[in-house]
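Dear colleague,

Please find the structure below, together with its sequence.

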Amino acid sequence: VILASHVVGASGRVVGVDVAASMIDVAKTNLAHFGGPATVEFIVGAFDGPLSDLPDGIADVVVSNGAFNLSYDKRAAFATAYRLLKPGGRFLLCDVCQVDPSPDASVS
């Protein structure tokens, strides 16, 4: 969010979304420390939820760095990301996504 805010500058808008209010607090602290335009907004929510505070077609770019991994409903998360994109917008995903759980998967 901080890096994106410097790219879009004062004329752009950056919205950070996280499921945990505590992470939003950390992001706000980091933004205050490292600086950024006042056009940064943070929302507690998940991509597989409605994110109804955000209108359709507002984003030139949607970036996910871990948000989809935490989404239970991956299809709804992707639908939300694409709903937020303007026509011709870009979706950048850096995440781990598993649609169907593997019965052989284990954590060691």
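**Findings**

Ser64 counts as buried, at 1% relative accessibility; please bear in mind that this is a predicted model. Ser64 belongs to strand S3, which covers residues 59-65. When neighbours within four places in sequence are set aside, the contacts of Ser64 are Leu92, Leu93, Cys94 and Asp95.

The aromatic residues form a second topic. Searching the whole structure gives 5 aromatic pairs. One of these joins Phe78 and Phe91 in an edge-to-face arrangement, with 5.8 Å from centre to centre and 85 degrees between the planes. This pair connects distant parts of the chain, since Phe78 is in helix H3 (residues 74-84) and Phe91 is in strand S4 (residues 85-94), 13 residues apart.

The two partners may also be described by their accessibility. Phe91 has a relative accessible area of 17% and is therefore buried, the cut-off being under 20%. Phe78, with a relative accessible area of 28%, is partly exposed. Both residues belong to one aromatic cluster, formed by Phe47, Phe68, Phe78, Tyr82 and Phe91.

Finally, I would draw your attention to Tyr72, which is located in the loop between S3 and H3. Tyr72 has a relative accessible area of 79% and is therefore exposed, as the value is over 50%. Tyr72 and Ala46 are separated by 26 residues in sequence, and their C-alpha atoms are 9.4 Å apart in space.

With kind regards

Notes. Residues numbered from 1 in each chain as written. Predicted model: local features only at pLDDT ≥ 70, side-chain atom pairs only at ≥ 80, totals over all residues. Heavy atoms only, no water. Phe/Tyr/Trp six-rings, centres within 6.5 Å; stacked < 30°, edge-to-face > 60°. Helix = DSSP H or I, 4+ residues; strand = E, 2+ residues; numbered from the N terminus. Buried < 20%, exposed > 50% of the residue type's maximum accessible area, 1.4 Å probe, protein only. Contact = heavy atoms within 4.5 Å.
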